[in-house]
Amino acid sequence: KGVEKWPRGEEKVWKDGLRGVDKDIPDITKSFVHHVQTSLARQAYNLDEAGAYQAAALSARDNLLVNWNETQLHFNAKPTKRAYYLSLEFLMGRTLDNALLNLGLKDKYTDGINKLGFGLEDLLEQERDAALGNGGLGRLAACYLDSSASQELPVWGYGLRYQYGIFQQLIGPDGSQLEAPDPWLQHDNPWEIPRADVTYEIRFYGHSERVDGMKAVWSGGQEVLAMAYDVMIPGYDTKNTNNLRLWESKPKRGFDLNSFNAGDYERAVESSNSAAAITSVLYPNDHTTFGKELRLKQQYFWTAASLSDILRRFKNLGKPIGEFPEYVSIQLNDTHPTLAIPELMRILVDEEDLSWDSAWDIVTRTFFFTNHTVLPEALEKWPVTLMQQLLPRHMQIIFDINMIFLQAVEKKFPGDRDKLARMSLIEEGFPQNVRMANLACIGSRKVNGVAELHSELLKATIMKDFVEFFGTDKFFNVTNGITPRRWLDQCNPRLSQLISETLKLPKASFLKDLSQLEGLLKHVDEPGLIKKWAAVKQSNKERLAHYVETTTGHQINTQAMFDVQIKRLHEYKRQTLNILGVIYRYLKIKAMTPAERKKVNPKVVFFAGKAAPGYYIAKLTIRLIVNVARIINVDPDTKDLLSLFFLPDYSVSLAEILIPASDISQHISTAGTEASGTSNMKFCLNGGLLVGTVDGANIEIAEEVGEQNVFFFGHLTPAVEDLRYQHMYHPVPIEQKCPELANVINEVSSGRFGDGGVYEPLLNTIRQNDYYLLTEDFDSYIKALKLVDEAYQDRTEWIKKSIRTTAKMGKFSSDRAIQDYAQECWNIESNKLP
Ligand code: 6GP
């Protein structure tokens, strides 16, 4: 509506005042200097790199804002259906490089910044990662935002603006992980726009009183404010710029003046403290839930604020409320935002006066739910008593939804009490719990897993009863994807350049349509390409070696094979298998004659990843890796043939250095446990090969690149359950089951890598019931690594595998994944800014 008639003042004066994007080097240097002068209040003589980064960021931001404003205006010009991605985590990493790349201004900024006496690369290093996420789920959300904007889709993200992101990881003197806070907002964050005018009141506690039938009034309790901060999400090679809206909690009234006047200062600030606490910290747990009140508060605070905002935008369209699902789709990123379902019911029934049935119809056409893991410990549950106290109205609504739902189940499957118990939203017991996955499933139009195998497992396990009830159409798969802008062009500019030269295509062509990489297949046998491909890998290995040398002081042999495992530390991901494999290799080399050692393939093994602060076994694994490294890296017999690094404080930015440098990477979860994995895709896109289990997206990667280019090992998913059963009821001692592994474990236990006793609890997980089946997979793992060594001997053949792998990664672009969601769920269309 706003664009039909000029809203205020003289249109020409306004239009003359509007700025375009700074496209040329003189515009860029001018805006940089302008920001140095007026935003930072500095000058050339007192500007350091940190300041120069701020100025460069602010000038890039001006460009993003111009595009951002135009995008909003464009989308508002005619009623358009929008999708909203609700995620408690967005692991964005750094922004400046990505913003310049997407704006197409990187070269010009490089030149302009040179003229001002700085190097762009150095300035990029000044930026702190925005690390508002734990791992795969949060990084996926970030890739999806990039792909949505790049494909000109009207998709907004909603999340929380945590004061502290994922903790900083330090390694203590004994090799253990230590945690320190991540005060990422300590310096000004140029990438966010505070919106003091966009605030909503969010209620907690209080009481809910039924008024008539299903309707109720919720009142009393505590109210806090949610204030919006907007983060611009630029599309690549388009002016379309989307939004990520993050909420910050604030006290509704800063001070309680009565208490203040009565001299009770502590009490006066109390309410302000507790309101601010809601968004203060990201929970550092990955794949686990603890049922903490503050976490539930975060979830409600965020979903309620987001829904109010979405509803306000919908109402501006002037459409009847019944058409809500025609204009709004909401994706629930795992169960964390599931409270949005009862919250929308509450708004529709209590505030919009709709009947229960019409409200439920709207809800179940609006929401879509993605599950990211089948690990039972990750299925969110909230104690009924906690929910009743914090969100009394929502608890009523959940009971009502449950009652109506179970009646329908009973009608379809009369007398099946076990089924009713399994499908109920309420888990009976002490305490009773609300099962969020069940609620998310029945309140959503569709439910998906994140790779073929995972989606099948979902249907066969945790969603089995629901598939029988709803039918299979409700359940589908969207295999995850990664953005090729960050995970190829940005992290590996030389490879991107080489691909462009080889395909004789501009980068923008394959970066927007990754399937074009297949064109590389025609060139696989060209000696020129093989040589250049190897040279790019080599230079990336040197970049990593340089990083390791400057951060740890160690020198690395860059001629050696680089073997990388980087991900959250978790028993199911089996970093333990990897480190025990490293020890096995060390002992083998140690026992060799000098002549035998000459035949060994030299290897450098890298680990990085954080463990949840309370996850004892995962932390012990880190400690073991660090202490093994301390011994073997200085052993004169082996150090040229095998070295080992645990790189602390894994982050998106560190991944950007590690991934392009890898020859081989490890994705070795127990079959059936890793829903998808996304770093596997990143390594392959950058020409690294995989050693892995037949799990998650490894399977689909192998389908694309051919099994001859992947090193698979280990038992398959269908065997896992039986093996676990045998371990439980017919245990075989480890010496018998897997003597090689038993020997390695004994070496650790005997203190060869420092106090052996320390590691007993970790070793016992393998000696005892070995839930993650290391004893079952160790032998085939070692064999697979041997095949890797052999294959690496023929470097030309290896490089060919590498080229073929990159060439076949088209499927794993997040552009494809977002199109799947857009078509299969959201029913939205691209809307390009002219
Ligand atoms: C992860 C899965 O473990 C990983 O396999 C997948 O690639 C990623 O999600 C993105 O889909 N899950 C989580 O990070 C998580 O917290 C509750 O699940």
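Predicted model: local features only at pLDDT ≥ 70, side-chain atom pairs only at ≥ 80, totals over all residues.

Me: Where do the domains run?

Reply: Domain 1 is 20-78 + 99-128, domain 2 is 79-94 + 129-479 + 821-826, and domain 3 is 540-812. Those bounds come from an automatic or database domain assignment.

Me: What makes domain 1 and domain 2 count as touching?

Reply: Contact asks for C-beta atoms, placed from the backbone, within 7 Å. By that rule, 19 residues of domain 1 are in contact with 19 residues of domain 2. On the domain 1 side, helix H3 (49-77) and helix H4 (96-103) each supply at least two residues, and H3 gives the most, with 11. Helices here are DSSP runs of H or I with at least four residues, strands are runs of E with at least two, and both are numbered from the N terminus.

Me: Why say the ligand lies between two domains?

Reply: Because domain 2 and domain 3 both give residues to the shell around the ligand. Being near means a C-beta atom, placed from the backbone, within 6 Å of the molecule. There are 18 residues around the ligand, and Gly136, Leu137, His372, Ala675 and Ser676 come nearest. Helix H7 (residues 136-150) has the largest share, three residues.

Me: What makes H29 "mostly covered"?

Reply: Buried means 20 or more other C-beta atoms within 10 Å of a residue's own, exposed means 12 or fewer, and partly exposed is in between, with C-beta atoms placed from the backbone. Eight of the 10 residues of H29 are buried, among them Ile699, Ile701 and Val705. The buried residues pack against several elements, including helix H18 (452-460) and helix H35 (795-807).

Me: And why is Gly706 called partly exposed?

Reply: Because Gly706 has 13 other C-beta atoms within 10 Å. Gly706 sits in the loop between helix H29 (696-705) and strand S24 (710-713), and its phi is positive, near 95 degrees.

Me: How far is Gly706 from Lys808, C-alpha to C-alpha?

Reply: They are separated by 9.1 Å, though 102 residues apart along the chain.

Definitions and conventions: Residues numbered from 1 in each chain as written. Contact = placed C-beta atoms within 7 Å.
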